[in-house]
Amino acid sequence: MPEIRKSAVVGAAPEGASDQLSAARAVREMFTSIAPRYDLLNHVLSFNVDRLWWRRAARTFRHVLDRPGARVLDLCCGTGDMAFALRRQAGKQAPQILGADFSHAMLQRARAKSAELAQNGSAPGWIEADALNLPSPGEHFDLVTSAFGFRNLADYDAGLREIVRVLRPGGECGILDFGEPSGAIGSLYRVYFKQVLPRVGTWISGVRGPYAYLPASVERFPKPEEMLAQMKSAGFTEAAWTPYTFGIAGLYRGRK
Ligand SMILES: C[S@@+](CC[C@H](N)C(=O)[O-])C[C@H]1O[C@@H](n2cnc3c(N)ncnc32)[C@H](O)[C@@H]1O
C-alpha cells in the first residue's frame with residue numbers, strides 16, 4: 001500500500017476567491033446564476049447518465065430507506081434529483097427525507113418539482129442551510145447523502161466532520177461525485193470534459209464561469225485514496241469508493 005499523504009487541498013476554490021468565506025459566496029452565486037438552466041444542462045452534458053448515477057447511488061442505500069422512520073438528509077441537494085431518487089427507492093416506506101442547500105434559487109426549483117409528491121404527503125422537505133453548519137442536532141440522521149455537491153464545499157474536512165456529527169452511530173453516508181477516469185477512455189473523456197463541456201455549458205446557461213469551474217474543481221478534488229483517508233480521520237469506521245461509468249463518477253460510502 002502506498003503511503004497516503006494528507007491532502008493539501010482544503011476545499012473548493014473558485015477563481016477570485018481568497019478565503020473560505022469568499023469561496024462559499026462565489027459557489028452560492030454561481031449555482032444561483034445557473035439555477036434556471038441547471039437541470040437541462042445536467043441532462044444534456046451527461047447524456048442523461050446523471051439519472052442512472054442518482055438511481056444507482058440511491059439503490060445502494062435501500063436497506064436504510066426500507067427502515068420505517070428512517071431519517072435521511074441529502075446535502076447540497078440543488079434542484080432535488082438525488083432526494084427524489086432516494087424517495088423512489090424507498091417505495092411505500094416513507095422515510096423522512098430532507099434536502100439542504102444554501103442556494104435559495106436551486107431550492108425553489110426543488111420545491112416546485114416536488115409539488116405533485118407534496119399532494120400525497122411524500123415529498124422531501126427542503127431547507128436552506130450551509131452544509132458546513134447544519135441546523136440539526138447531533139446523531140439525528142440514519143443516512144446522509146450528497147450528489148455532486150460535496151466537491152464544492154470550502155472545507156472538505158469540516159464537511160466530513162459535520163456529516164459525522166449529524167449521523168447517528170452506525171449511520172451511513174454516501175457522497176456521489178465526479179472522478180478522473182484513466183487510460184484511453186480517460187484521455188477521450190478529458191477532451192470532452194475540459195474542452196467541449198465548458199463551451200456548451202456556457203452557451204446554454206448564458207453564464208461565463210461555472211462550466212470552466214467544473215473541470216477545475218474535479219481536478220482539484222482529492223483522489224479516491226486521499227478522500228477515503230480523510231473520511232476515516234473524520235470519524236468514519238468504514239470507507240469505500242465504487243467507480244461509476246469507468247470512474248467518470250463514483251460513490252464514496254462511509255459508516256459512522
Ligand atoms: C452541482 S450542484 C448538485 C445538486 C444536486 N445534488 C444534483 O445532484 O444535481 C451543487 C449544489 O451544492 C450546493 N452547495 C455548495 N456548497 C454548499 C454549502 N456549503 N452548503 C449548502 N449547499 C451547498 C450548491 O448551491 C448547489 O446547489
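Predicted model: local features only at pLDDT ≥ 70, side-chain atom pairs only at ≥ 80, totals over all residues.

**Exercise 1.** Identify the residues that make up the aromatic cluster containing W53.

*Solution.* The cluster consists of F47, W53, F148, F178, Y189, Y192 and F193. Across the whole structure, a search finds 13 aromatic pairs.

**Exercise 2.** Classify the geometry of the pair formed by W53 and F148, and then that of the pair formed by W53 and F178.

*Solution.* A pair of aromatic rings is described by the distance of the centres and the angle of the planes.

Step 1. For W53 and F178, the centre-to-centre distance is 6.1 Å and the angle between the planes is 85°. Angles over 60 degrees count as edge-to-face, so this pair is edge-to-face. Here helix α3, which holds W53, is linked to strand β5 (residues 167–178), which holds F178, across 125 residues. F178, like W53, is buried.

**Exercise 3.** Locate the surface patch of positive charge that includes R55, and decide whether R55 is buried, partly exposed or exposed.

*Solution.* Step 1. The patch gathers R51, R55, R56, R59, R62 and R88. Helix α3 (residues 49–60) supplies its largest share, four residues.

Step 1. R55 lies in helix α3. Its relative accessibility is 42%, so R55 counts as partly exposed.

Note on methods. Residues numbered from 1 in each chain as written. Heavy atoms only, no water. Patch = residues over 30% accessible without salt bridge, like charges linked within 9 Å, V, L, I, M, F, W, Y side chains within 5 Å. Areas by Shrake-Rupley, 256 points an atom, 1.4 Å probe, with all protein chains shown as cover. Salt bridge = Lys/Arg side-chain N within 4 Å of Asp/Glu carboxyl O. Lys, Arg positive; Asp, Glu negative; His and termini not counted. Charge placed at Lys NZ, Arg CZ, Asp CG, Glu CD. Helix = DSSP H or I, 4+ residues; strand = E, 2+ residues; numbered from the N terminus. Buried < 20%, exposed > 50% of the residue type's maximum accessible area, 1.4 Å probe, protein only. Phe/Tyr/Trp six-rings, centres within 6.5 Å; stacked < 30°, edge-to-face > 60°.
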